[in-house]
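Subject: Structure for your review

Dear colleague,

Please find the sequence and the structure below. My findings follow, and I should be grateful if you would read them alongside the coordinates.

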Amino acid sequence: MSKPRSLDLPARTRAYRLRTARQEFAVLDSRPEGRALGTVLLVPGYTGSKEDFLALLDPLADAGYRAVAVDGRGQFESPGPRRTSAYTPRQLGGDVLAQVAALGDGPVHLVGHSFGGFVARSAARLDPSAFRSLTLLSSGPGRVGPDQRTKIRLLRAALPVLPPSWVWAATVWLDGRDPAYVSDPPEIVEFLQRRWFSTQPAQLIATGRQLRVEPDRTEGLARLPLPLHVAYGEGEMVWTVGELAHMARSVGARHTVISGAEHSPNVSHPAELASALSTFWSTTPPRP
């Protein structure tokens, strides 16, 4: 799971519920001094939340951008239905379009991390005119690798039948293979538990299935009438760096590899990622 290193809210960031035509969504909204060069909508990944972008908000504001990180429906502090049919790509993509409309800033730069990239590209297919650009951050062309599929399959099987505390313990054990997990400070551990128990099981089941079975969407991405950006850490492990590089070449996207980063450059290397993003955005057409 993606883990923020700090939960401190940046001084220029406000937490609130964004009212949309579909429902309310919990957001973190960071604004620069003076007029913004544009607005960025940040979509988190599987088992993640808006807090995964906390470290990125100040660097983006420093670069002149309004940055809004959001909990999707059924994710942490945003409500969501208890039925899996509510979490289809079309439904989740439609939520993103509703969020853009509610922000009121015209076309926005869209960034989707991991599974959030699946959601972001679904939204872009539904209405590309809502966006100035699309960045897939540590997000591949189709289903995740075999190790990740096994973990998600186990989680999907356990969620409907085991007590949530047992499923949480199993998830911690799987992530505990990463030595960094045992050194998480108590406030981060408490946050991860709270986020886990607040997320709708139906959301985890439905989105987990999509991660396991998603076909290669490279051809569809190439047809999008948007500037595209593929960014990931050099140590990416959910998808192979080879398939991510191939996707970037195939769709003619800007291609960024963050040195020293793994699956979450937004957490580990926010300054480097913000620089890469702002450089990419500076090449995109201005808002109409």
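Is helix H3 mostly covered or mostly open, and how many of its residues are buried? H3 is mostly covered, with 10 of its 12 residues buried; buried means under 20% relative accessible area, exposed over 50%, and partly exposed in between, with a 1.4 Å probe and protein chains only. Helices (H or I, at least four residues) and strands (E, at least two) are DSSP runs numbered from the N terminus.

Some conventions come first. This is a predicted model, in which local features need pLDDT of at least 70 and side-chain atom pairs count only at pLDDT 80 or more, while totals for chains, interfaces and linings use all residues. Residues are numbered from 1 along each chain as its sequence is written, and side-chain values use heavy atoms, with hydrogens and water left out.

Confidence and overall form

The mean pLDDT of the chain (the predictor's confidence in each residue, from 0 to 100) is 92, and 94% of the residues reach 70 or more. Over residues 177-181, however, the pLDDT is below 50, and this stretch has 8 contacts in the model beyond near neighbours in sequence; a contact means heavy atoms within 4.5 Å. Where pLDDT is low, the predicted coordinates should not be read in detail.

The chain contains 11 helices and 8 strands. Its radius of gyration is 17 Å, close to the 19 Å that the globule rule gives for 288 residues, so the chain is as compact as a globular protein of that length. That radius is taken over C-alpha atoms, and the globule rule is 2.2 Å times the number of residues to the power 0.38. Along its principal axes the C-alpha trace spans about 50 × 40 × 40 Å. Of the 288 residues, 57% are buried. Among contacts between residues at least 6 apart in sequence, 77% join residues at least 24 apart.

Helix H3 and its surroundings

H3 covers residues 115-126 and reaches 17 Å from its first C-alpha to its last, close to the 16 Å expected at 1.5 Å a residue; the expected span is 1.5 Å times one less than the number of residues. Its buried residues run through Phe115, Gly116, Gly117, Phe118, Val119, Ala120, Arg121, Ser122, Ala123 and Ala124. Their cover includes strands E3 (38-43), E5 (108-113) and E6 (131-137), together with helices H2 (89-103), H7 (201-213) and H8 (218-222).

H2, one of these covering elements, has 15 residues and reaches 21 Å from end to end of its C-alpha atoms, close to the 21 Å expected at 1.5 Å a residue. Its buried residues include Val96, Leu97 and Val100. Just after H2, Gly104 takes a positive phi of about 75 degrees.

Two serines in loops also deserve attention. Ser114 lies in the loop between E5 and H3 and has a positive phi of about 55 degrees although it is not a glycine; at 9% relative accessibility, Ser114 counts as buried. Ser138, in the loop between E6 and helix H4 (146-158), likewise has a positive phi, near 50 degrees. Ser138 is buried, with a relative accessible area of 0%.

Nonpolar cores

The largest nonpolar core has 60 residues, and those with the most contacts inside it are Leu41, Val96, Leu110, Phe131, Leu134 and Leu211. Such a core is a set of buried Ala, Val, Leu, Ile, Met, Phe, Trp, Tyr and Cys residues joined through side-chain atoms within 4.5 Å. H3 gives the most to this core, with 6 residues. A second, separate core of 19 residues includes Phe53, Leu60, Val111 and Leu277. Leu277 is also among the buried residues of H11, a helix of 12 residues (270-281). Leaving aside residues up to four places away in sequence, Phe131 touches Val96, Leu97, Val100, Pro107, Val108, Leu110, Ala123, Ala124 and Leu226.

Two further residues

Gln193 is found in helix H6 (186-198) and is partly exposed, with a relative accessible area of 31%. Ser259 sits in the loop between strand E8 (254-258) and helix H10 (265-268), and at 55% relative accessibility it counts as exposed. Apart from residues up to four places away in sequence, Ser259 touches Glu234 and His269.

Yours sincerely
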